[in-house]
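Visitor: Hi, could you walk me through this structure? I'm new to it.
Guide: Happy to, let's have a look together.
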Amino acid sequence: MNDMKFAVLGPSGAGKTTLLACMAEEFEQVSPGTIFPANPFTFGTLTKAYKSLMRDANNSNTRQFERSIEGTSMLREFLFHVVGHGAYLPVRFYDFPGGWIIPGDSNNRTVIDIVKASAVIIVAINTPYLMEFDGKYIDDGCAVDEIEWVIKRSLEGDANERLILFVPIKCEKYLETPELRDHLNKSVKRAFNNTLMLTSNPLYTNRLAMALLPVQTVGNAKFARFKIASDGRVEREVYRKPDPHSHFSPQNVDQPMRYLMSFLLEQFKRNKAKGSWYDKFLSFIFNEGDLHEVAEYIRSGIKSDNDLAAGFEIFCGRELIGLP
C-alpha cells in the first residue's frame with residue numbers, strides 16, 4: 001500500500017522509539033479517533049515503550065529513576081492511519097539503528113534513500129547530552145555531524161517541499177525559566193547551524209520549513225546526572241522527581257504530530273493545481289471535505305512560537321506548515 005513516509009533521526013539510545021510512542025499516545029488522548037496504529041507491531045512496540053516510561057515516572061517508591069542507553073538493532077517501520085470521514089491516510093515512520101547514520105556505515109545509503117523519500121524529517125535531540133558539561137558528550141548522545149550529513153545528502157537533487165523538526169526530548173530541566181529556554185534554543189541553533197544555513201541557499205528557498213519543538217516526555221521528572229562507566233562512556237541517565245508522588249505528565253508531545261500533519265495537508269492544498277506528487281498521492285485518499293475537516297481539527301491544537309513558555313520557534317517556512 002502507498003503511504004507517506006517520515007524519517008526519525010538520532011543516535012542509538014537517543015529515545016526515538018519513546019518519542020514516537022509518546023507522540024502517538026498523547027496525540028490520540030487529545031484528539032481521539034484521529035490517528036491509530038495500523039498493525040500489531042506498531043501497537044505492541046510503542047505501547048510497551050510508553051508503558052515502560054510511564055511506569056518508571058509513576059514509581060512512588062523513589063525520587064529518582066534510571067534509564068538505560070538501549071539502541072535499536074534493526075530498521076523498524078511504524079505504520080499509522082490518520083482518519084477522516086470515509087477516508088484514511090496511511091503514514092509510515094522509519095526508525096534507524098544509530099550506527100546506520102554514520103557516513104562510512106554499509107547501511108548509510110539505505111538511510112539516505114529513505115530520508116530522501118520522506119516528507120518530514122524528525123531530529124530527536126537527546127537534550128542532556130547537548131546541554132550538560134558544555135556539550136562534553138554531544139558527539140555520543142546527539143550525533144550532530146552524522147545527522148547533518150544524512151540531511152544534506154538526502155536533499156541533493158530533490159525539488160519537493162520538506163519539513164525538518166528539531167525535537168529536543170528529556171528537556172524538563174531546560175524549560176523552567178526564560179533564560180534556560182533561551183539557552184536551549186541557542187544551543188540547538190549552534191549545533192545544527194549547517195542545516196539551518198541551507199535556507200540561505202537559493203536551491204532551497206521557499207521549499208524548506210524548519211521548527212524547534214521541545215517536548216517533555218515525562219513531565220514530572222528532571223534530568224539529574226549521567227552514570228558513567230569505567231571506560232568513560234555514559235552508561236545510564238538518572239532522573240529525579242521533585243515530588244515522589246507526582247504523576248507521569250508529558251507536555252507538548254502531541255505537537256510534532258500536529259506540525260507534520262499540518263505541513264502535509266498544507267502541501268496538498270498548495271500544490272493541488274500543480275499536479276505535484278503530493279496531489280497524485282493524496283487525491284485518491286482524501287476528498288475536499290475530508291481534507292479540510294482533518295486539517296482544521298489538527299491545526300486547532302497547534303502551539304506556535306507565540307507561546308513563549310513552550311520554547312518553540314519556527315525557523316523558516318511558516319507558510320509551508322499552514323500557520324499564520
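Guide: One term to start with: a residue counts as buried when its relative accessible area is under 20%. Also, keep in mind that this is a predicted model.
Visitor: Okay, which residues in α1 are buried?
Guide: Lys 16, Thr 17, Thr 18, Leu 19, Leu 20, Ala 21, Cys 22, Met 23, Ala 24, Glu 26 and Phe 27 are the buried ones in α1. That makes 11 of its 15 residues, so helix α1 is mostly covered.
Visitor: How far apart are the end C-alpha atoms of helix α1?
Guide: They are 21 Å apart. With 1.5 Å a residue, the 15 residues of the helix, 16-30, should span 21 Å, so the two values agree.
Visitor: Back to Cys 22, what is its relative accessible area?
Guide: Cys 22 has a value of 0%, so it counts as buried. Cys 316 is buried too, at 17%.
Visitor: And how many disulfides does the structure hold?
Guide: Zero disulfides are found here.
Visitor: New topic: where is Tyr 137?
Guide: Tyr 137 sits in the loop between α4 (127-131) and α5 (138-141).
Visitor: Is Tyr 137 buried or exposed?
Guide: Buried: its relative accessible area is 9%, which is under the 20% cut-off.
Visitor: Which residues does Tyr 137 touch?
Guide: Leaving out residues up to four places away in sequence, Tyr 137 touches Tyr 129, Phe 226, Ile 228, Gly 232 and Val 234. Take Val 234: this residue is 97 residues from Tyr 137 along the chain, yet their C-alpha atoms are separated by 8.2 Å.

Terms used. Residues are numbered from 1 along each chain as its sequence is written. This is a predicted model: local features need pLDDT of at least 70, side-chain atom pairs count only at pLDDT 80 or more; totals for chains, interfaces and linings use all residues. Side-chain values use heavy atoms; hydrogens and water are left out. A disulfide is a pair of cysteine sulfur atoms within 2.5 Å. Buried means under 20% relative accessible area, exposed over 50%, partly exposed in between (1.4 Å probe, protein chains only). Helices (H or I, at least four residues) and strands (E, at least two) are DSSP runs, numbered from the N terminus. Contact means heavy atoms within 4.5 Å. The expected span of a helix is 1.5 Å times one less than its number of residues.
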